[in-house]
Every structure is written in structure tokens, then in C-alpha cells.
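Please look over the notes below with the model open beside you.

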Amino acid sequence: MKLTNHVKINLPAVVGNEGFARAAVAAFCTPLSPSLEEINDIKTAVSEAVTNVIAHAYPERSGEAEVEVAIYDDKVITITVTDEGIGFADVNQAKKPFYTTKSAEEHSGMGFTIMEAFMDELEVRSEPGRGTRVTMRKAIKQHA
Ligand code: ADP
Ligand code: MG
């Protein structure tokens with residue numbers, strides 16, 4: 001696979017920046033002519049990943065989220081969302097539907113489940129005290 005385009009965005013993990021991240025990623029993917037459904041899937045997945053950094057990664061200090069988008073062969077999109085926050089030990093537990101460490105009123109525990117459903121692949125790596133990296137991949141179909 002040939003890397004045909006890429007961009008890296010660093011932004012403070014503060015409420016509101018998830019909106020910019022999702023719009024920026026969507027704009028970057030527009031030249032691939034994704035369907036409305038595909039672009040909405042990508043926007044939702046990016047939103048969930050960046051919202052997690054904002055909500056969970058830095059409970060006691062400020063920090064940043066890095067969003068990296070790579071496009072391969074003008075059709076496969078890889079999105080990586082990285083933080084250097086508190087991380088977590090059990091990735092399988094965190095990915096379970098309805099699992100949340102926050103109050104149920106605020107957080108549904110469905111973030112990773114949504115990312116998994118809306119993208120072709122999801123990989124989560126996390127290390128307590130070091131941070132978290134979420135990698136998502138989606139192939140844009142050819143539309144007639
Ligand atoms: P929710 O955000 O609604 O709690 P998610 O499925 O998005 O549900 O995430 C599950 C749990 O994984 C969170 O409650 C949190 O404990 C942990 N988590 C997710 N992303 C991060 C992150 N970037 N840094 C630290 N913890 C995280
Ligand atoms: Mg979440």
C-alpha cells in the first residue's frame with residue numbers, strides 16, 4: 001500500500017475540540033469522495049476517540065490529543081488518536097459495551113463499541129501512566 005496523503009493535528013484535550021477534529025478529518029477525507037454514510041461513520045468514530053481523550057486521559061492536568069490521518073492508495077484511511085494521559089490496564093474490558101469508569105448519566109460506555117462498528121478495524125493500545133493510542137482503519141468504496 002502506498003501512502004498517498006497524510007496530516008497530523010495536535011490539539012489541547014478540552015471540550016469543544018472534538019468538533020474541530022471530526023470536521024478536520026472529514027474535510028481531509030473529502031477528496032476520496034466517500035458516501036454520506038462513510039463520512040458520517042468516520043466523523044462519529046473520530047468524535048468518540050477524541051472525546052475519550054478529553055473526558056478520560058487527563059483527570060489531573062492538561063494535555064493534548066494527537067490526531068493523525070493517513071490515506072493509502074487513495075482509498076484506505078487510517079486514523080490514529082494518541083494521548084499521553086493516564087491510560088488503562090485492561091483493553092478488553094474497556095472495549096466491552098456499556099463499560100465506563102464514569103457515571104452512566106454522563107458516559108454510555110459505548111465509545112469503543114461505536115468505533116468498532118463504524119470502522120473496518122479498531123486497535124487499542126494503552127499503558128497506565130503512559131497513555132493510549134487508538135488506531136482505526138476504513139476503506140472507502142468506489143461509488144459509481
Ligand atoms: P465511555 O467514554 O462512555 O466511558 P468508552 O467505550 O468510550 O466509554 O470508553 C470506556 C472506558 O475506557 C472509559 O470509561 C475510560 O475508563 C477508558 N478510556 C477510554 N479512552 C481513554 C483514554 N484515552 N484515556 C484513558 N482512559 C480511557
Ligand atoms: Mg467514550
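1. How the pocket is defined. On a 1 Å grid over the protein atoms alone, a pocket is an open set of points with protein on both sides within 12 Å along at least five of seven lines, while a cavity is a set where a 1.4 Å probe fits but cannot get out; lining residues have an atom within 4 Å of a point. Grid points are joined across faces, edges and corners, and a volume is the space filled by probe spheres set on the points.

2. Basis. This is a predicted model, where local features need pLDDT of at least 70, side-chain atom pairs count only at pLDDT 80 or more, and totals for chains, interfaces and linings use all residues. Residues are numbered from 1 along each chain as its sequence is written, chains are lettered from A and ligands numbered from 1 in the order in which they are written, and side-chain values use heavy atoms, with hydrogens and water left out.

3. The largest pocket. Its volume is about 620 Å³. The lining has 31 residues, and N52, H56, F88, T101 and F112 are the closest to the centre. Helix α2 gives the largest share, 8 residues. At least two residues each come from α2, β3 (76–83), α3 (91–95), α4 and β5 (131–139). Helices (H or I, at least four residues) and strands (E, at least two) are DSSP runs, numbered from the N terminus.

4. Ligand 1. The ligand sits in the largest pocket (more than half of its atoms lie within 2 Å of the grid points). Around ligand 1 are 16 residues, each with a heavy atom within 4 Å. The closest are H56, D83, T100, T101 and G109. The largest share of this shell, 3 residues, is from α2.

5. Polar contacts (pairs of N or O atoms within 3.5 Å). A polar side-chain atom of T101 is 2.5 Å from an oxygen atom of ligand 1. For D83, a polar side-chain atom is 2.9 Å from a ligand nitrogen atom. S108 uses a backbone N or O atom, 3.4 Å from a ligand oxygen atom. The protein covers 95% of the 530 Å² of accessible area that ligand 1 has on its own (Shrake-Rupley method, 1.4 Å probe).

6. Two loop residues to check. S33 has a positive phi, near 50°, and is not a glycine. S33 lies in the loop between α1 (17–29) and α2. D73, also not a glycine, has a positive phi of about 50°. D73 is in the loop between β2 (64–72) and β3.

Methods:
A polar contact is a pair of N or O atoms within 3.5 Å; within protein, one must be able to donate a hydrogen and the other to accept it, and residues adjacent in sequence count only if both atoms are side-chain atoms.
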